[in-house]
Amino acid sequence: MFYENTSRILNKQLSGFALSRAHRTHALLAVLLIFHAVLLGYSACKHSPTVDEPAHLAAGVSHWKYNNFDLYSVNPPLVRMVAAIPVLFSDPKLNWSGYQGVEGHRDEFSVGRSFAQANGQRLFWLVTLSRFACIPFSMVGLYLCFQWSRELFGDASGLLAAILWCFSPTILANGPLITPDVPSATATLASLYCLWKWLNDPSWTIALTLGGVLGFGLLIKSTLLVIGVYCFSVWIVVSALQTYRGNSKLLRGGTIQMLVVIIMSAAILNAGYLFEGSFRSLGSYQFRSQSLSGLKHSTDNEQRGNRFKGTVLAKLLVPVPANYLLGIDAQKWDFEEGKKRILWDELRTGPEGWWYFYLVAAAVKIPIGVLLLIIPSTYSCISAIKNGTLGIQIFLLVPLTLLFSLVSSQSGLSYWRYVIPALPIFLIWLSQSACLIHARSAYGIALIGLSLGWFLSSSLSVYPHSLSYFNEFAGGPKHGIHWMVDSNLDWGQDLIYLQDWIHDNPQAAGMNLEYFGHYDPEVAGVEVRSCLAIRKTSVPIGLPCVDAGDPEWYAISATELAFKAAKSGNSDELPWYQFLMQQEPDARAGHSILIYKIRNSEKKQIDLL
């Protein structure tokens with residue numbers, strides 16, 4: 001009797017222990033989710049509005065108030081509408097004086113400046129509130145990385161994928177912002193995950209989920225159109241292969257379901273715009289891009305046309321909202337027109353960029369610890385293929401290659417954040433390296449441990465300045481200005497850190513600042529003299545914004561300095577900026593605003609240049 005009771009008690013305890021082990025993985029996931037939210041929330045509070053955010057926020061408010069989607073039509077409205085919800089309850093001051101209401105005209109930045117000016121220093125708090133509303137997008141992305149990787153490769157891989165997302169500098173930088181980059185990555189991941197589930201089990205539940213995810217993804221970023229086409233193409237290919245092998249289940253049962261997926265996603269897209277301009281004839285539009293207008297490139301920014309007029313396609317009813325199509329046109333025009341960008345201290349303008357930009361960006365913006373994981377992941381990938389799981393590798397690598405190639409082909413704009421939709425697929429593929437832990441490979445475990453430790457220490461050593469992150473190969477954030485700028489390094493995010501520095505150095509109050517942003521830092525309450533305002537009256541001889549009567553402290557955004565110091569051969573001011581480029585700043589606000597103490601001897605030296 002004693003032994004029976006003892007055995008019963010031990011079995012009960014052991015079963016309880018087994019249950020706790022089954023829940024341990026999800027407990028660790030919960031910790032990662034909480035930690036990720038805290039990291040994003042702190043970053044949201046500590047950084048000033050980036051270049052695009054006031055425009056995004058003002059546009060989001062306008063969508064709710066006026067049921068109009070003209071502003072910021074270059075991106076679909078869902079993210080900024082979510083961001084605007086807490087702001088609507090905070091009684092923001094509104095100023096629509098910059099709005100012209102001309103179809104296809106981009107008024108968002110002038111409206112954003114007016115919004116910033118109307119709210120003054122309170123702009124910082126309103127943007128912080130709106131950022132809090134965007135954090136769940138990134139948390140869902142973390143969960144999906146964990147879940148899909150866990151289903152593909154096991155618990156250890158799921159946790160590894162979650163860790164890589166949680167502490168990725170790119171995600172930590174863009175996750176709390178009022179921009180569609182991280183939300184579009186989550187939507188891309190969710191769409192591909194649902195497609196994978198549906199191909200394995202073509203049920204109506206999963207099909208409807210796929211349609212819903214694609215529909216809301218289209219309301220986040222137009223890039224999801226590519227994912228929609230990819231989903232349809234994969235279904236065609238897989239159905240054909242299965243039918244060839246004598247299994248027509250996916251073709252017979254999936255045809256109607258795929259049709260419903262397409263109709264459902266299109267319906268959600270149009271409903272998100274309140275059917276504004278839906279089903280207009282293609283010939284009724286006036287396009288700006290050369291691709292859609294049919295007009296050759298012109299210096300006239302207001303030139304419009306329509307290559308479809310007079311063709312059989314002119315009467316085609318376009319099943320998307322008008323501003324959605326006009327937004328695609330505006331984005332295409334941006335790529336064709338091109339913007340100033342830098343790589344390795346070389347300045348380029350116009351549509352011709354570098355086909356290898358994103359390869360270089362990956363080499364310097366992805367932590368070296370993450371890049372090292374490619375080695376064990378490749379080994380695991382080869383082993384998996386030998387074991388007959390080639391399909392999983394293809395399913396991950398094809399969309400990863402497609403998205404990366406698509407972004408690389410558009411060299412007119414060079415922003416690392418454009419590749420974010422491909423990032424979670426890359427992280428899941430890397431997570432299969434954890435299979436070496438199950439195989440008890442000593443070398444594999446050591447390499448994974450080294451890589452993970454290096455990754456965490458590298459990312460957290462720069463946090464919360466994750467937007468300015470560059471890995472050790474690039475020389476870290478201090479040398480990022482020589483690699484690439486704009487949203488790759490300096491997106492106007494460090495004004496609060498500049499104000500804190502001025503508070504600790506009151507002798508610098510009222511210093512001159514050349515700021516990279518669309519709103520005046522003085523209006524936002526920062527104790528500086530904005531060079532934007534100074535230039536409206538006069539430009540001092542010598543170093544811009546610095547002469548004998550000015551404060552000796554001077555600050556400049558890294559993007560402004562890099563653009564003006566680059567050798568373009570068309571500015572008399574270049575030597576002064578090149579002089580600054582060669583000097584080590586006396587201080588930095590974050591990693592994006594460089595602070596110099598301009599001494600009299602240096603002023604004379606600059607005047608001689």
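This is a walk through a predicted model, from its nonpolar core out to its surface and then to its charged pairs and backbone details.

Let us start inside. In soluble globular proteins, nonpolar side chains tend to be buried together. Here the largest nonpolar core holds 175 residues, and W148, L498 and M511 have the most contacts inside it. Helix α5, which runs over residues 122-153, gives the most to this core, with 14 residues. There is also a second, separate core of six residues, among them A173, L467, W491 and F516.

F232, I236, V237, L241 and I262 make a nonpolar surface patch of about 410 Å². Helix α10 (residues 224-244) supplies the largest share of that patch, four residues.

Now for the charged residues. Side chains of opposite charge can pair when their charged atoms come close. The structure holds 13 salt bridges. In one of them, the side chains of D52 and R417 meet with an N to O distance of 4.0 Å. D52 sits in the loop between α1 (2-46) and α2 (53-66), and R417 in the loop between α17 (390-409) and α18, so this pair ties together parts that are 365 residues apart in sequence. Both D52 and R417 are buried.

A second bridge joins R106 to D334, whose closest N and O atoms are 2.9 Å apart. This pair also links distant parts of the chain: R106 is in the loop between α3 (78-88) and α4 (108-119), while D334 is in helix α13 (residues 322-337), 228 residues apart. R106 counts as partly exposed because its relative accessibility is 23%, whereas D334, at 9%, counts as buried.

E151 is in helix α5 and K197 in helix α8 (residues 181-200), 46 residues apart. At 30% relative accessibility, E151 counts as partly exposed, and K197 is also partly exposed at 30%. Salt bridges that share partners also join D52, D181, K221 and R417 into one network.

What surrounds Q432, leaving aside its neighbours within four places in sequence? Q432 is in contact with F153, S157, S377, S380, C381 and Q393. With Q393 there is also a polar contact of 3.0 Å between the side chains. Q432 lies in the loop between α18 (423-431) and α19 (435-438), and at 1% relative accessibility Q432 counts as buried.

Finally, look at the backbone. Most residues other than glycine have a negative phi, and most peptide bonds are trans. The peptide bond from Y463 to P464, however, is cis, with omega near 5°. P464 lies in the loop between α20 (442-462) and α21 (495-504). The loop between α20 and α21 also holds D486, a residue with a positive phi near 60°. D486 counts as buried, at 11% relative accessibility. W344 has a positive phi too, about 55°, although it is not a glycine. W344 lies in the loop between β1 (341-343) and β2 (346-348), and at 46% relative accessibility W344 counts as partly exposed.

Definitions and conventions:
Residues numbered from 1 in each chain as written. Predicted model: local features only at pLDDT ≥ 70, side-chain atom pairs only at ≥ 80, totals over all residues. Heavy atoms only, no water. Helix = DSSP H or I, 4+ residues; strand = E, 2+ residues; numbered from the N terminus. Buried < 20%, exposed > 50% of the residue type's maximum accessible area, 1.4 Å probe, protein only. Core = buried A, V, L, I, M, F, W, Y, C linked by side-chain atoms within 4.5 Å. Patch = residues over 30% accessible without salt bridge, like charges linked within 9 Å, V, L, I, M, F, W, Y side chains within 5 Å. Areas by Shrake-Rupley, 256 points an atom, 1.4 Å probe, with all protein chains shown as cover. Polar contact = N/O pair within 3.5 Å; in protein donor to acceptor, adjacent residues only side chain to side chain. Contact = heavy atoms within 4.5 Å.
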